[in-house]
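Please read this short report alongside the sequence and the coordinates. Each heading takes up one topic.

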Amino acid sequence: MRPFTYERAADLAQASRLGLETGQGQTDARVQFLAGGTTLIDLMKLDVLRPERVVDITPLRSPYATIEAGPNGLRLGALAKMSTVAEHPAVLADYPAISQSLQLAASAQLRNMATLGGNVLQRTRCPYYRDPSWMACNKRTPGSGCAAIAGFNRNHAVLGVDRSCISQYPGDFGVALVALDAQIELSGPQGQRRIAFASLHRPVEGQPHIETTLMPGEVITAFQVTAGGWARRSLYLKVRDRASYEFAIASAAVALEMDGEIVRQARIGLGGMAYRPWRAHEAEAVLTGKPLTEASAEAAAAAALGGAVTHGNNAYKPELGRRTLVRALMQAKTMPVATRKDC
Ligand SMILES: Cc1cc2nc3c(=O)[nH]c(=O)nc-3n(C[C@H](O)[C@H](O)[C@H](O)COP(=O)(O)OP(=O)(O)OC[C@H]3O[C@@H](n4cnc5c(N)ncnc54)[C@H](O)[C@@H]3O)c2cc1C
């Protein structure tokens, strides 16, 4: 690991000031925030991230790790631990996709350490990104190429990719957030702002080294999800190579508002398939206003994966993605849902 300066932020203003050189969404910025450290320290040890300064934001935990659930929705502090949120009674009852996406991620030890803010900003598990002995990685070294395109790409993305990068977004929680139309609260040197979670991660567009729309010094302070019947009828289905402690090769977050057999609203996120947390609007359009049957679920899944681009080893992915989505939709249709008068 390379030498770096360590500083503890006493408050949000100091965190933003010390973090000013975090760059504009650049993956390898000169300043990094330390929350749970489970991505950051890992990648520093691998010599992938080489920050000159690490700003510890754990002192902000007490104001920014709270969980508030009310009739209008859910607000999750960005420094809340994954395990705490996964087990919260209101999250379990009214936002099952969120609870499941966190519960099915990583290991118990990691979930006890890692925060929500760090989770959505975790980096890809692409082996060519994580091993600096590979020269060609546009995400690490802009302009160097993408070793994965002609390399071992079994776990790589099939949606939202281009010739500059085919890496896969590895997180689970972000897939639930994008499906549930979450908003995020940000605080930085220019003040506070709120944006759709869907606009946090940038499309690749030939610039895989710029991953997010965060401004220099901006800290994620909270996530917000609106309450509703669709949030209660939501689930997260994760398919992986082994039953626990593994990243998704395919996943689907599904939230449905049903009127009998008819889909009034569908919200669908896909994981394990795409360059960033993926919202499947095409699939939602196929389902809306129609009865949810095996046939309509298959048509929706075909629309969701219609634009898939494969590169050899990952040729199995579109079919796995389709089957995962069909299964998630059929499970969501029949899941027991508590009725709430207060939502
Ligand atoms: C072996 C292993 C298996 C895993 N399996 C899974 C899995 O199956 N599913 C899954 O989803 N994840 C998985 N993970 C990833 C894990 O969930 C993340 O490492 C973790 O959530 C990151 O959170 P953290 O608080 O430790 O972030 P940190 O490592 O502290 O920070 C990560 C990044 O986020 C930035 N950051 C952190 N907090 C903020 C904030 N509030 N505002 C702005 N920037 C911030 C930091 O600057 C840094 O760049 C796995 C990790 C490991 C090591």
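Predicted model: local features only at pLDDT ≥ 70, side-chain atom pairs only at ≥ 80, totals over all residues.

## Cysteines without a bond

How many disulfides does the structure hold? The count is zero. A disulfide is a covalent bond between the sulfur atoms of two cysteines. Here the cut-off is a sulfur pair within 2.5 Å.

Take Cys 146. The closest cysteine sulfur to its own is that of Cys 165, at 5.5 Å, so the two are too far apart for a bond. Cys 165 itself is buried, with 6% relative accessibility.

## The five-stranded sheet

Five strands make an open sheet. Their order is β4-β5-β8-β6-β7, and the pairing is antiparallel. Which strands lie at the edges? They are β4 (67-70) and β7 (191-196), each of which pairs on one side only. On average, neighbouring strands of this sheet are turned by 15° against each other, direction ignored.

Strand β6 covers residues 183-188, and β8 covers residues 219-226. The two run antiparallel and are joined by five bridges. Gln 183 has Gln 224 in β8 as its bridge partner.

## The loop between β7 and β8

Glu 205 lies in the loop between β7 and β8. Its phi is near 40°. That is a positive value in a residue other than glycine. Is Glu 205 buried or exposed? At 55% relative accessibility, Glu 205 counts as exposed.

## Strands β9, β10 and β11

Strand β10 (250-259) pairs with β9 and with β11. With β9 (234-239), the sense is antiparallel and the pairing runs over six bridges. Within it, Leu 235 stands opposite Val 254 in β10. With β11 (residues 262-271), the direction is again antiparallel, and nine bridges join the strands. Here Glu 257 has Gln 265 in β11 as its bridge partner.

Why is β10 described as largely enclosed by the rest of the structure? Eight of its 10 residues are buried. Buried here means under 20% relative accessible area. In a regular strand the side chains alternate between the two faces of the sheet.

The loop between β9 and β10 holds Tyr 245. Its phi is near 55°, positive in a residue other than glycine. Tyr 245 is partly exposed, at a relative accessible area of 47%.

β10 and β11 form a hairpin with two residues between the strands. In this hairpin, Gly 260 takes a positive phi near 65°.

How values were computed. Residues numbered from 1 in each chain as written. Heavy atoms only, no water. Pairing = 2+ DSSP bridges. Helix = DSSP H or I, 4+ residues; strand = E, 2+ residues; numbered from the N terminus. Axes fitted to C-alpha atoms, helices over the stretch in contact; angles between N-to-C directions. Buried < 20%, exposed > 50% of the residue type's maximum accessible area, 1.4 Å probe, protein only.
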